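User: Hi, could you walk me through this structure in a few questions and answers?

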Amino acid sequence: MSHKVKNILANVSYYAISVSIAIIVMIPFFWMISTSLKSKGALMALPVQWIPEEPTLNAYVQVFRKFPFLKAVGNSLFITISYTLITILSSSMAAFAFTKIKFPFGNGLFKVYLASMMIPTQVTLIPLFIIMDRLQLTDRYASVITPSLFKAFGIFLLVQNMRSIPNDFIEAAQIDGAGLWFIYRKIMLPLTLPAILTLSITTFMDSWNDYLWPLVMLTDRDKMTITLALNTLNGQYATEYNVLMAGSLISMIPIILVYIGANSRMKTGIMVGGVKG
Amino acid sequence: MSKQKKKSGKNKLLQALPFMIPSFIGMIVFSFFPVVISIFLSLTDWNGLEKLTVNTIFEHFVGLENYIKILSGSEFWRVLGHTLYYIVLYIPLVFVASMGIALLLNKKKKGTMVFRVMYYIPVLTSWVAASLIWKWVLSPKYGIFNQILAILGISGPGWLTSEVWAMPGIVLASVWKDMGFFGLFLLSGLQAIDPTYYEAARVDGANKFVTFFKVTLPLVTPSIFFCLIMALINAFQLFPQVQIMTEGGPNGATQVMVERIYTYGFSYFKMGYASAYSWLLFVIIFVLTMIQMRLQNGWVHYES
């Protein structure tokens with residue numbers, strides 16, 4: 001009996017703590033949504049209205065009126081999807097060559113790739129701006145997409161993964177007359193699917209939420225990503241928090257959908273990839 | 001024999017070539033060239049307006065002057081002090097919060113999946129959106145944070161408008177944004193612990209506290225350590241939250257390294273000076289990475 005009481009108490013305290021943390025985490029979001037439904041006048045009303053007394057969707061209309069926000073969403077989607085696809089393609093190809101072709105100087109080159117991870121992006125920012133400026137690529141999508149060609153972390157992650165795939169698979173396929181591209185596409189990619197999915201999600205998030213790089217490269221309002229659009233709105237309408245909060249909420253929706261979608265896909269991915277070696 | 005080996009090597013190189021081309025070109029253009037250019041730039045007083053050629057680098061060559069100027073001036077040390085202020089507040093807070101989250105999520109109870117997603121939403125939010133939200137949350141008069149403090153009977157400070165409280169405000173936003181990330185990272189560390197250790201501790205009659213400090217904590221130290229270094233490296237690269245929430249203010253109280261690099265490079269166009277600044281940042285991060293590699297073999301407890 002006392003054991004049962006103890007159990008109930010443990011459960012109650014567990015959920016009490018979990019819910020408290022969840023509330024603390026959610027309060028800023030609650031405040032964002034509440035503010036986005038306020039009129040400009042209600043922002044500075046005292047006492048502060050936790051829930052708007054006269055809720056209005058005006059701020060959402062304003063976001064699209066004050067900035068080509070829909071275009072920014074489109075830009076972000078285009079840039080992020082291209083960025084992620086190129087990262088996955090380029091990284092998986094390099095990882096395949098490093099682990100399964102074993103070409104001369106491969107190990108040395110891999111070390112150079114790894115070493116490049118230690119260079120913070122701030123070091124390459126200024127020279128890259130100059131290079132992009134010279135190539136007349138600033139204010140073009142290419143300036144923010146092309147760096148995806150070389151993502152050392154992605155290559156590192158996939159090399160770790162592909163190493164664990166037995167060479168027998170590849171030798172067997174080669175005896176059957178399969179070419180390297182066939183092996184890459186039909187054996188390596190499917191077998192490393194969980195790792196590729198993980199890399200896709202993190203790359204998608206990083207690219208969608210990136211700030212410093214696009215800030216330097218894109219100044220044309222029509223080319224801006226959604227984070228830059230928010231940044232510009234903040235510069236021009238710094239006190240209109242209802243508009244800023246509406247924009248922030250819109251910017252969060254796609255990434256949350258991708259995360260939830262990927263999370264459910266990931267479980268199936270792990271099952272598909274879980275071939276016994 | 002060796003001739004044959006050479007030939008097969010050449011063959012392999014040709015086979016690997018098409019797979020390596022994209023990343024190799026990327027590495028040269030986006031990493032190698034910029035690093036070389038940056039080293040030379042940091043030795044010049046180039047102002048970013050003239051066209052940059054090998055000649056301009058020679059014309060504007062000033063040797064180590066930029067580095068000497070930065071290191072002998074008071075600004076760099078003040079900026080470093082701001083970062084340390086951030087670290088001293090941020091590291092303990094984020095550690096306690098993320099360890100708490102990891103321990104909670106590690107319990108096999110109903111609903112942990114929902115909490116997991118909830119704790120992770122701040123991580124998914126971009127820093128731009130998060131900074132805007134927190135700027136408004138921390139608004140001294142109209143923000144919800146001081147409202148909550150008022151309910152608790154505390155009169156809240158001016159946060160981002162105060163030289164003393166601006167950095168703690170940025171720390172609050174950062175802890176809120178990062179604790180889910182580190183929490184899930186530590187969780188994976190906890191889940192990797194072999195359950196037989198707990199079994200053995202239970203058989204030996206260890207209570208919950210002893211089990212936590214003698215079994216869980218030592219076994220999860222590699223993860224904790226990894227998080228610590230990651231958090232430190234991130235702390236030195238602090239930027240979007242500062243740029244959006246305070247722009248380095250009030251009165252320079254939240255100026256940090258990357259903010260300085262950005263301001264010198266793209267507001268004042270002192271590209272050489274900014275490059276030198278960025279290499280000093282590199283040195284700090286490099287030292288941290290080296291410490292990490294060294295200590296990893298030392299006091300961190302690995303399961304053998």
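Predicted model: local features only at pLDDT ≥ 70, side-chain atom pairs only at ≥ 80, totals over all residues.

User: What area is buried between chain A and chain B?

Analyst: The contact, meaning heavy atoms within 4.5 Å, takes 81 residues from chain A and 81 residues from chain B. Carbon and sulfur atoms give 80% of the buried area. That area is the accessible area (1.4 Å probe) that two parts lose on being put together, summed over both. Between chain A and chain B it comes to about 7,500 Å².

User: How many salt bridges does the rule find across the interface of chain A and chain B?

Analyst: A salt bridge here is a side-chain nitrogen of Lys or Arg within 4 Å of a carboxyl oxygen of Asp or Glu. The search of the whole structure finds 6 salt bridges over all chains. Across the interface of chain A and chain B, the number found is 0.

User: How are α4(A) and α10(A) oriented to each other?

Analyst: Helices (H or I, at least four residues) are DSSP runs, numbered from the N terminus. The axes of α4 (residues 69-101) and α10 (residues 180-191) of chain A come within 11 Å and cross at roughly 105°; axes are lines fitted to C-alpha atoms over the stretch in contact, with angles from 0 to 180 degrees between N-to-C directions. Angles under 35 degrees count as roughly parallel, over 145 as roughly antiparallel, 65 to 115 as roughly perpendicular and the rest as oblique. The two helices α4(A) and α10(A) are therefore roughly perpendicular.

User: How many residues in the contact of α4(A) with α10(A) are nonpolar?

Analyst: From α4(A), the residues A:L89, A:S92, A:M93, A:F96, A:K100 and A:I101 meet A:L180, A:W181, A:I183, A:Y184, A:M188 and A:L189 of α10(A). Ala, Val, Leu, Ile, Met, Phe, Trp, Tyr, Cys and Pro count as nonpolar, Asp, Glu, Lys and Arg as charged, and the others, Gly among them, as polar. The contact of α4(A) with α10(A) has 1 charged residue, 1 polar residue, and nonpolar residues numbering 10.

User: Is B:R202 buried or exposed?

Analyst: The side chain of B:R202 meets that of B:E199 in a salt bridge (3.0 Å, N to O). The two are 3 residues apart in helix α9 (residues 195-203) of chain B, so about one helical turn separates B:E199 and B:R202. B:E199 is partly exposed at 41%, while B:R202, with a relative accessible area of 58%, is exposed.

User: Why is α6(B) described as largely enclosed by the rest of the structure?

Analyst: Helix α6 of chain B covers residues 127-137. Among its buried residues are B:W127, B:W134, B:K135 and B:W136. The helix is largely enclosed because the buried residues number 11 of the 11.

User: Which residues does B:Q255 contact beyond four places in sequence?

Analyst: B:Q255 sits in the loop between α11 (240-245) and α12 (257-267) of chain B. At 12% relative accessibility, B:Q255 counts as buried. One of its contacts, B:R260, forms a salt bridge with B:E259, with closest N and O atoms 3.0 Å apart. Leaving aside neighbours within four places, B:Q255 is in contact with B:R78, B:V79, B:H82, B:G248 and B:R260.

User: What is the phi of A:F105?

Analyst: A:F105 lies in the loop between α4 and α5 (106-116) of chain A. With a relative accessible area of 71%, A:F105 is exposed. Although A:F105 is not a glycine, its phi is positive, at about 65°.

Methods:
Residues numbered from 1 in each chain as written. Chains lettered and ligands numbered in written order. Heavy atoms only, no water. Buried < 20%, exposed > 50% of the residue type's maximum accessible area, 1.4 Å probe, protein only.
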